Amino acid sequence: MEKTMILALTSSKGGVGKSTLAVGLSGVLAMRGPTALMDADVEIATSRDWALRAKLPVQVVTEEEGVPKGARYMVLDTEGRPDLEAMLALTRGASTVLIPTAPNGVELRATLALWHKLNEAGGDMQRVRVIITKSPPVGSVGQQARDDLRTRGVQVCETVVRLYTAHQRAYEQGVLVRDVHDTRSENAWADLLSLTVEVC
Ligand SMILES: Nc1ncnc2c1ncn2[C@@H]1O[C@H](COP(=O)(O)OP(=O)(O)OP(=O)(O)O)[C@@H](O)[C@H]1O
Ligand SMILES: [Mg+2]
């Protein structure tokens, strides 16, 4: 049987956009094949609640339940600030580890520090990629941040996920961003499609 492709989202800072990407990516992946979503944050299970409210055609599982049989894809949303050991385990167990960061100094510095920490601790960095998110849709701040991180040896996704209130409304309404009535929902969805093509 085909192996499950596991996409993990993690970061050293909270509120960077992990759950937004986790739900969006699982919504896109479900169009390709059987998809599961695991929310490791048991206290504030944002992506679990969101996926259930949105009635996404994905199997929502707990950490205890593990990877469900037959899943072609699994998106793993980690808890806020997992410890180093947990992150190192992710770099070995997941197919791809995505670290979201906004293109601002505070988050970029934290992301760079996390990258070096994982690298020095022996993480499998081939599988780790930074994804720039919450990027101002106008101008090239996100692209510049991406290119700057690359010059520092960090692997960064080509796709830059833009900042749109449609993402916040998607959470509030319990739907995928594609289904929000907003002039920018199509752009927001296009970013998720592009990211999926890139990482899968
Ligand atoms: N691309 C985006 N455009 C606009 N708002 C966004 C975007 N991505 C995330 N947000 C908003 O940022 C906030 C934090 O996002 P989210 O909950 O996805 O982050 P998180 O990393 O999962 O947070 P936590 O560490 O608390 O689990 C939310 O209000 C969300 O709607
Ligand atoms: Mg979250």
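## Close-up views of a predicted model

View 1. Lys55 is exposed because its relative accessible area is 71%, and exposed here means over 50%. This and every other view is taken from a predicted model. Lys55 sits in the loop that runs between H2 and strand S3 (59–61). Its phi is positive, about 50 degrees, although Lys55 is not a glycine. Most residues other than glycine have a negative phi.

**View 2. Lys134, a positive phi within a strand.** Lys134 belongs to strand S6, which covers residues 128–135. Its phi is near 50 degrees, again a positive value in a residue other than glycine. Lys134 counts as partly exposed, because its relative accessibility is 35%.

**View 3. The salt-bridge network around Asp147 and Arg150.** The structure holds 10 salt bridges. Four residues, Arg146, Asp147, Arg150 and Glu158, are linked by such bridges into a network. Asp147 pairs with Arg146 through a salt bridge of 3.0 Å, N to O. Asp147 also forms a salt bridge with Arg150, where the closest N and O atoms are 4.0 Å apart. Arg150 and Asp147 both lie in helix H5 (residues 141–151), three residues apart, which is about one turn of the helix. Arg150 in turn meets Glu158 in a salt bridge of 2.9 Å, N to O.

View 4. Asp147 is partly exposed at 35% relative accessibility. Arg150 is also partly exposed, at 32%, and Glu158 counts as partly exposed at 44%.

**View 5. A negative surface patch that includes Glu85.** The patch is formed by Glu43, Glu63, Glu64, Glu65, Glu79, Asp83 and Glu85. Glu85 lies in helix H3, made up of residues 84–93. With 56% relative accessibility, Glu85 counts as exposed, because the limit for that class is over 50%.

**View 6. The largest nonpolar core.** This core has 32 residues, and those touching the most other members are Leu21, Leu37, Leu98, Ile131, Val177 and Leu195. Several elements give two or more residues to the core, among them the strands S1 (5–9), S4 (73–77) and S7 (156–162). The helices that do so are H1 (18–29), H2 (46–53), H6 (165–173) and H7 (185–199). H1 gives the most, with six residues.

**View 7. Val67 and Ala36.** Val67 is found in the loop between S3 and S4. Its C-alpha atom is separated by 7.6 Å from that of Ala36, and the two residues are 31 residues apart along the chain. Val67 is partly exposed, with a relative accessible area of 39%.

View 8. Gly14 lies in the loop between S1 and H1.

Technical notes
Residues are numbered from 1 along each chain as its sequence is written. Chains are lettered from A and ligands numbered from 1 in the order in which they are written. This is a predicted model: local features need pLDDT of at least 70, side-chain atom pairs count only at pLDDT 80 or more; totals for chains, interfaces and linings use all residues. Side-chain values use heavy atoms; hydrogens and water are left out. Patches are made of residues with over 30% relative accessible area and no salt bridge: like charges are joined within 9 Å, nonpolar side chains (Val, Leu, Ile, Met, Phe, Trp, Tyr) within 5 Å. Accessible areas come from the Shrake-Rupley method with a 1.4 Å probe; for residues, only the protein chains shown count as cover. A salt bridge is a side-chain nitrogen of Lys or Arg within 4 Å of a carboxyl oxygen of Asp or Glu. Lys and Arg count as positive and Asp and Glu as negative; His and the chain ends are not counted. The place of a charge is taken as NZ of Lys, CZ of Arg, CG of Asp or CD of Glu. Helices (H or I, at least four residues) and strands (E, at least two) are DSSP runs, numbered from the N terminus. Buried means under 20% relative accessible area, exposed over 50%, partly exposed in between (1.4 Å probe, protein chains only). A nonpolar core is a set of buried Ala, Val, Leu, Ile, Met, Phe, Trp, Tyr and Cys residues joined through side-chain atoms within 4.5 Å.
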